[in-house]
Amino acid sequence: QQAKDQLEDVLEQLRKKQQEELLAALEARFRAMLAQQLECTKQTARLGDLGQANWKRSDQLELADLSQKQRWVGTQADATLQILVEEGTTVVFPQLIEQVRDDALAVADRLAAADTGRFVRITQGELEQATRPLLDADKQMQKENEQNEGGGGGGNGNQPLLPGWAELKLLRAVQL
């Protein structure tokens, strides 16, 4: 029984460490996505304000690069989605990431078609607003894990990446 208890403690510690690493990796990914999105939004606004009729060759090249940067946000969201689906303990996170992916790829397609209009700008703003709560929820969960680290105690099974209340809070933030 003592050996079994020790083994369960070691497994719980490994699960907790794996979860901490996953949360840290997700935070880094969300930060990178948000930084790239902010840059894309800024460049799109500049090109949109300039007006397509006034674009020079350099502006057209910048737009092509901008489309690729926006597509990168979508591919990062897709990679994040795959990680979360594989992890399997959160319901809201994957749905929100899926929406971020779809919107980012749609904007990338519009940018590739030289569209910097209202729809693109609104969607880019929504992408920023959707990414921030994901980052905040991830950081809060990391903070809670650090605070609970000293508590010890045997956990039962696979602890969810985000507790139910955090998922509801995240869903509410995105809806607002």
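Let's start at R46, which is partly exposed, with a relative accessible area of 38%. On this scale, buried means under 20% relative accessible area, exposed means over 50%, and partly exposed is anything in between (1.4 Å probe, protein chains only). Before going on, a word on what you're looking at: this is a predicted model, where local features need pLDDT of at least 70, side-chain atom pairs count only at pLDDT 80 or more, and totals for chains, interfaces and linings use all residues. Residues are numbered from 1 along each chain as its sequence is written, and side-chain values use heavy atoms, leaving out hydrogens and water.

Back to R46. Its side chain meets that of D59 in a salt bridge, at 3.1 Å from N to O. R46 lies in helix α1 and D59 in helix α2 (residues 57–87), so this pair ties together parts that are 13 residues apart in sequence. Helices here are DSSP runs (H or I, at least four residues), as are strands (E, at least two), and they're numbered from the N terminus. As for D59, it counts as buried because its relative accessibility is 7%. A salt bridge, by the way, is a side-chain nitrogen of Lys or Arg within 4 Å of a carboxyl oxygen of Asp or Glu. By that rule, the count comes to 12 salt bridges.

Now stay with helix α1, which covers residues 2–50 and also holds D49. At 62% relative accessibility, D49 counts as exposed. If you look from D49 to E39, you're moving 10 residues in sequence and 15 Å in space, C-alpha to C-alpha.

Elsewhere in helix α1, R15 and E12 pair up. Their side chains form a salt bridge, with 3.2 Å between N and O. Why are they separated by about one helical turn? Because they sit three residues apart in helix α1. R15 is partly exposed at 32% relative accessibility, whereas E12 is buried, with a relative accessible area of 17%.

Next, follow the chain to another pair. The side chains of D78 and R101 meet in a salt bridge at 3.0 Å, N to O. D78 belongs to helix α2 and R101 to helix α3 (residues 92–112), so the pair ties together parts that are 23 residues apart in sequence. D78 has a relative accessible area of 27%, so it is partly exposed, while R101 counts as buried at 17% relative accessibility.
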